[in-house]
Amino acid sequence: MHPNTRFKRTHILTPRSYAPTGFTGAAFKESPFTASGSYDFGYLTGRETDLRVDIARNRGQRIVPDVTGALTIHSERRPGSFVRLDVVAHARKLTGRQAEDLEIIARSEHRARVVRDGHGHPVQILAGLCAIPRVQTEILLQRGWLAEQPYSDRVWISTAGRMAMAHRYAATEGLNTRVLKGLYLDAALTAATRARLVNSQETARHAEAVLSA
């Protein structure tokens, strides 16, 4: 764990050099385990978690969710070794207002952007013709429910955010908690697909800008 990690009452901020304010919301706690024991844990941002899931999927690693929102990624090459990802802000903490905001973003996720002030603090999220106001934007980012592309204004709903939406859906529909495992896995894979797409788009955009300079 980074020594400068900031623990707040409702969220955790983890330091990142690319972040405009130097810190970004942590989405999951990452704990690696081997057959001989465990190592020190750390915190992952929404984007880092999404890409971690995408890599695991592409490598054919087994991704196992549980009803708490934790994900366990098993190593196929090293029996007995696995990584456990525990969600920082539990899905049940998602309020109705926050769920509505995530739904708005989901409808225009391919062009969702974060707007910041001159000090790097988020002002709003623009999603299509809608704008998420400052306070709500800060909450979604701090709790890791949105993922951010470094050196870009692109944002999307992270694994943690989609899990929170899935949890609220299951509760509203009165579904058995056992279905949460499937909903959580689908949430993680959907967020991972979006992260890979945004990453490739932004890489291509940067390369084009360099070539045309």
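Trainee: How many salt bridges does the structure hold?
Mentor: The structure holds 15 salt bridges, each being a side-chain nitrogen of Lys or Arg within 4 Å of a carboxyl oxygen of Asp or Glu. Mind that this is a predicted model, where local features need pLDDT of at least 70, side-chain atom pairs count only at pLDDT 80 or more, and totals for chains, interfaces and linings use all residues. Residues are numbered from 1 along each chain as its sequence is written, and side-chain values use heavy atoms, with hydrogens and water left out.
Trainee: Which residue does Glu202 meet in a salt bridge?
Mentor: Arg154, at 3.2 Å from N to O. Glu202 is in helix H5 (residues 180-212), while Arg154 is in the loop between strand S13 (146-148) and strand S14 (155-157), 48 residues apart. Helices (H or I, at least four residues) and strands (E, at least two) are DSSP runs, numbered from the N terminus.
Trainee: Is Arg154 buried or exposed?
Mentor: Buried, at 4% relative accessibility. Buried means under 20% relative accessible area, exposed over 50%, partly exposed in between (1.4 Å probe, protein chains only). Glu202 is buried too, at 11%.
Trainee: OK, what about Arg52, which residue does it form a salt bridge with?
Mentor: Glu30, with the closest N and O atoms 4.0 Å apart. Arg52 lies in helix H1 (residues 46-58) and Glu30 in strand S4 (residues 28-34), so the pair ties together parts 22 residues apart in sequence. Glu30 counts as partly exposed, at 22% relative accessibility.
Trainee: And which residues are linked in a network of salt bridges?
Mentor: Asp54, Arg57 and Arg196.
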